[in-house]
Amino acid sequence: MNYLSVENLTKSYGVRVLFEDITFGIDKGQKVAFIAKNGTGKSTFLNILASREGYDSGNVVFRKDIKVGILDQSPVFDDKLSISEVIFDADSEQITAILAYEKALLNPEDNETMQVAFDQMDNLKAWDYEIRIKQILGQLNIHDLTQNVGKLSGGQKKRIALAQVLIDEPDFIILDEPTNHLDIDMIEWLENYLTKENMTILMVTHDRYFLERVCNEIIELDDETLYKYKGNYSYYLQKKQEREEVFEANVDKAKNLYRKELEWMRRMPKARGTKAKFREDAFYKTKEIAHQRKDNSKVDIEINMNRLGGKILEIHHARKSFGDLKILDDFNYVFKKKERVGIVGKNGVGKTTFLDVILGNQKLDGGKLVLGETVVFGYYTQSGMKLKDDKRVIETIKDIAEVIPLTKGKKLTAAQLLERFIFPKHMHYNYVEKLSGGEKRRLYLLTILILNPNFLILDEPTNDLDIITLNVLEDFLMDFQGCLIIVTHDRYFMDKLVDHLFVFEGEGKVKDFLGNYNDYRLDVKQLESKQKTIPKETKPSVEKQKSEGLKTKFSYKEKLEFEQLEKDLEQLEIKKEGLANLLNETVTDHEELMKITKELGEVTIELDTKTDRWLTLSEYS
């Protein structure tokens with residue numbers, strides 16, 4: 001059953017053609033990925049499908065009786081709405097019943113309202129639906145639905161938008177970079193969810209493991225032409241290479257024939273017979289093939305690295321905390337040449353704070369950090385990208401250096417360097433604001449690398465970069481002779497580049513794990529499997545407790561207290577996480593920092609006290 005039909009679609013901006021006469025269809029149950037270089041029209045294509053942008057010619061037709069859900073790369077909401085109002089903005093009787101039931105729970109004394117809500121849940125069979133909603137919200141770390149959307153970060157809004165799409169259960173989902181701003185646990189959950197669910201998907205993503213495990217078809221936009229591959233990412237790589245080899249062979253063959261035919265054309269008299277005319281027509285077709293050019297432009301990085309001395313970075317007995325929230329607790333490490341470290345851990349455990357400590361942006365509470373005299377940091381972070389939109393591309397580079405030293409004593413002008421970074425001459429005088437998101441990321445990366453760092457720290461470097469650029473960046477980093485620290489949710493990127501991991505486990509504990517992310521996840525799963533086989537300690541039987549005169553059940557008052565504690569603990573956890581995120585990401589004012597730190601300490605103490613009481617009461621539940 002066909003869900004989407006695209007026929008002879010053409011889109012251009014003036015003389016620039018993004019795609020021409022592309023045709024494809026998506027049937028029920030297909031999970032399709034759309035791949036293209038940055039700046040070649042991915043976002044425009046998705047905007048056309050979402051009816052936000054027009055096109056020059058062709059047709060885009062969705063099946064009339066299906067519901068389409070769209071996850072934007074950067075969702076925009078009405079800042080006045082609460083999370084609940086955004087997520088449950090769906091025309092569904094089940095959602096309406098669930099909202100009514102949740103509201104009734106807030107006033108349990110109103111028996112009549114509670115009974116009506118309960119019956120409605122039964123009639124619509126909404127209980128399983130409610131469980132599913134809570135599972136989705138829980139996995140995406142969305143708990144306090146009363147929060148105002150206007151106070152959320154871009155990453156939180158992306159998770160809200162994803163929850164909204166999944167809860168709405170559309171027949172056909174369009175996903176634009178669904179893994180951006182998700183931690184690795186969330187990505188793996190979403191991967192499994194989309195794989196198991198019988199849904200139809202069209203997605204744009206740079207996450208290659210996600211492509212490999214979720215998609216069963218890939219369409220690629222390359223040189224204004226659409227190519228289709230009936231398989232996952234591995235199959236796509238294999239068939240793409242075969243296609244390009246055939247293309248090159250055909251062009252080489254046509255060039256040889258063209259040279260022979262050109263000689264014949266020059267010898268032939270102007271008056272030609274029918275056979276000669278046929279051969280002349282064939283000559284022009286051969287000429288067209290022989291002069292075909294494949295756009296093989298790629299990022300070529302040869303930046304000269306500053307010499308790195310014997311002493312690089314030493315961390316001795318490092319301690320760092322915010323109130324009762326420990327980030328580092330007696331952490332020790334001595335960096336050696338060519339270190340390649342990945343950093344993993346849940347959001348809020350202090351990964352960004354750790355990077356700030358290394359860079360000298362935050363001071364340790366105890367211990368010391370010794371930095372070698374020859375170390376030159378290069379720090380790539382999403383929050384650090386401050387390109388000026390009113391600057392031209394070439395001015396952005398020239399503001400840093402007119403001439404850039406390369407390896408082996410070579411030099412490049414700013415214009416030449418831009419060309420090596422897939423910024424052709426016609427783009428040099430474009431304003432930065434005209435660049436796509438991925439092109440801005442590439443330009444930002446270039447501004448860091450031309451400073452010749454020998455210690456690179458990359459915080460989520462893969463967001464918005466196309467797969468072609470990622471592959472070449474990985475090749476560069478494989479040859480990079482300096483030290484490298486990577487914080488990323490891109491498992492493929494991390495697996496390819498790191499030798500060991502700093503695993504932030506919380507409470508100031510940092511484990512040095514030898515191996516890449518895949519090795520680490522395998523180790524965790526093996527440990528979890530062993531723990532499941534260990535017999536749990538059983539509670540004494542009720543009869544035994546009675547015979548020993550022990551208390552065996554709640555009083556009514558304790559039951560109410562226990563239920564209230566569960567609600568309080570959830571709210572306190574959310575509050576603690578929010579305060580921790582503020583400290584790690586946004587707070588720079590000293591007074592504000594002290595205020596939040598004090599509040600975090602108070603929340604942590606209250607959380608510990610109520611947790612102890614909850615544990616005591618849970619013995620009787």
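**Strands, sheet and packing**

Analyst: In this predicted model, β14-β17-β18-β12-β19-β20 is the order of an open sheet of 6 strands with mixed pairing. Strands are DSSP runs of E of at least two residues, and helices are runs of H or I of at least four, numbered from the N terminus. Residues are numbered from 1 along each chain as its sequence is written. Local features need pLDDT of at least 70 and side-chain atom pairs 80 or more, while totals for chains, interfaces and linings use all residues, and side-chain values use heavy atoms, without hydrogens and water.

User: What makes β14 and β20 edge strands?

Analyst: β14 (377–381) and β20 (509–514) each pair on one side only. The average twist from one strand to the next is 15 degrees.

User: Why are β17 and β18 called paired?

Analyst: Pairing requires at least two DSSP bridges between two strands. β17 (residues 455–459) and β18 (residues 483–487) run parallel and are joined by 5 bridges, so they pair. L456 has L484 in β18 as its bridge partner.

User: Which strands does helix α15 lie across?

Analyst: Helix α15 (residues 467–479) lies across β12 (340–344), β17 and β18, at about 145 degrees to β17. Angles run from 0 to 180 degrees between N-to-C directions, with axes fitted to C-alpha atoms, for helices over the stretch in contact (heavy atoms within 4.5 Å).
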